[in-house]
Structures are given as structure tokens and as C-alpha cells.
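Here is a colleague's note on the model, written as numbered points. Please read it with the structure open.

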Amino acid sequence: MFLDVDNDGWPDLLLVNGHVYPEVDSQHLGSNFREPKILYHNNGNGTFTDISASAGPAISAASSSRGLAIGDLWNDGRISAVISNMNAPPMLLVNDLRNGNHWIALRTVGTKSNRDGIGAKITVKAGARTFVDEVRSGSSYDSNSDMRVHFGLGVAAKIDSVQVRWPSGLVENFQNLAVDSIHTLREGSGTPASSAPRKP
């Protein structure tokens, strides 16, 4: 799953692993049933750095992981992760990183579109950056992540514009949204920008 761990505006990458068969450990094939998780930090220039070793003991702990879901569990702008494991309790990876970076989270509510706004494309402009993401349902195996769309903003302390293209084809702008906050965007309550035919 991609998640902006440090809210610098560049999505990082968390991978969870584990072999399918416990018997692999006794066969000495170079694979293990339990494997460590991997956290890659997005450097913002098209490259990633493996920061697993410094990301805490839960990342380096070996397990046979299957499902991975991410979300802002405490509504404080820090994305954490929940992991399901084979023959072991689930894991909660709490994001304790604190810095001065800003963020915004957006929950969509469809009226003409589906109720959760699944498929809505959200474009956020803040300073020199433009961020684009979509409302998605589901995530990793047998998992469902937080459907609120989270944007790390880095040092940007102001949102210049938010635009939503709803599945119905309606395109709306939403103004005066504060950073470091969670906002609910209801279809039809913004300022219409344009509309396009709904795709089949």
C-alpha cells in the first residue's frame, strides 16, 4: 500500500509478506514462512529508500502476513496500518512520527453518484504542487482501508483549490478548506466547474 508516512506530499510504500506454506521452513529453499515487512520512503525524485531498519520493531518483526489496511485511526493526520497474519494475531502499526508537515483528508458523500463517492477523482492544489487521488474501496487481501482520501502537504500551510470529479460526471470546486483537518465533501454542495457525460 502507498501511504504518506511523514506527510511530505510524496507517498511512501509499505509491503507485507509471508510464504504460503509453513513447510517451506523445513525445506531450506531460501524462503521463509515468516518474513519482515518493508517500508520504502519516497525521496520525491522518482526513487525510494528502504528505511525498514529504522522504522521500528514492528516493521522488522517476521510474520506471515496477508492483509494490509491503512488509515488515519486517530483522526490526527498520521496514517497507521493494520495487518492480518497467518496463524497469529493481527498487528497494529501505529505511526508516531511527528513533524511540522501539513495534511488534509477528504471524505466524499455521493448523492447522484454512489453514497461513498467511490471512483471520485480529487485534485488538490497547494502552493507549487498539485495532488491527485481517487476514492477507492478495498485494499489488500481481505482488507478495506480508510476510504477518506489523505494528502500530505509538506510545508504548504494553505489549500489553493480542491476539485472533485464525481462518478456522475459532475465536476465541483470546494473553497476555503483548512489544512490539518478532515472535511466532508457532499456531491452537489460545491461550485460546479463543468460536467461531462458519465462513462459506461
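**Notes on the predicted model**

1. Start with the surface: Leu73, Trp74, Val82, Leu92 and Val94 make a nonpolar patch of about 450 Å². Val94 belongs to the loop that runs between β7 (88-93) and β8 (102-109). With a relative accessibility of 41%, Val94 counts as partly exposed. Keep in mind throughout that this is a predicted model.

2. For the overall picture, the protein chain has two helices and 15 strands. Its C-alpha atoms fill a box of roughly 60 × 40 × 30 Å along the principal axes. Of the 200 residues in the protein chain, 38% count as buried.

3. Next, the loop between β5 (65-71) and β6 (80-85), where Asn75 is found. Asn75 is not a glycine, yet its phi is positive, at about 55 degrees. The relative accessibility of Asn75 is 44%, so this residue counts as partly exposed.

4. How many salt bridges does the model have? The count comes to four. Among them is the one between the side chains of Asp76 and Arg78, with N to O at 2.8 Å. The two partners can be set side by side: Asp76 is partly exposed at 30% relative accessibility, whereas Arg78 is buried, with a relative accessible area of 12%. Arg78 counts as buried because that class takes in residues under 20% relative accessible area.

5. Another salt bridge links Arg136 with Asp133, and the closest N and O atoms are 2.6 Å apart. Asp133 has a relative accessibility of 23% and counts as partly exposed. In general, side chains of opposite charge can pair when their charged atoms come close.

6. Lys158 and Asp160 also form a salt bridge, with 3.4 Å between the closest N and O atoms. This pair qualifies because the cut-off for a salt bridge is within 4 Å. Is Lys158 buried or exposed? Lys158 counts as exposed, at 55% relative accessibility, while Asp160 counts as partly exposed at 40%.

7. Strand β12 (residues 161-165) and strand β13 (residues 170-174) run antiparallel and are joined by four bridges. Which residue of β13 is the bridge partner of Gln163? The partner is Asn173. Four residues lie between the strands of this hairpin, and Gly169 has a positive phi near 105 degrees.

8. Asn176 is a residue other than glycine with a positive phi, near 55 degrees. Asn176 counts as exposed, with 79% relative accessibility.

9. On the aromatic side, the count comes to one aromatic pair. A separate contact involves a charge and a ring: the charged end of Arg129 sits over the ring of Trp10, 4.0 Å from the ring centre.

10. Last, Arg34, whose place is in the loop between α1 (24-27) and β3 (38-42). Arg34 counts as partly exposed, at 46% relative accessibility. How far apart are Arg34 and His19 in space, C-alpha to C-alpha? The distance is 6.7 Å, and the two are 15 residues apart in sequence.

Notes
Residues numbered from 1 in each chain as written. Predicted model: local features only at pLDDT ≥ 70, side-chain atom pairs only at ≥ 80, totals over all residues. Heavy atoms only, no water. Buried < 20%, exposed > 50% of the residue type's maximum accessible area, 1.4 Å probe, protein only. Phe/Tyr/Trp six-rings, centres within 6.5 Å; stacked < 30°, edge-to-face > 60°. Lys NZ or Arg CZ within 6 Å of the ring centre and 35° of its normal. Pairing = 2+ DSSP bridges. Patch = residues over 30% accessible without salt bridge, like charges linked within 9 Å, V, L, I, M, F, W, Y side chains within 5 Å. Areas by Shrake-Rupley, 256 points an atom, 1.4 Å probe, with all protein chains shown as cover.
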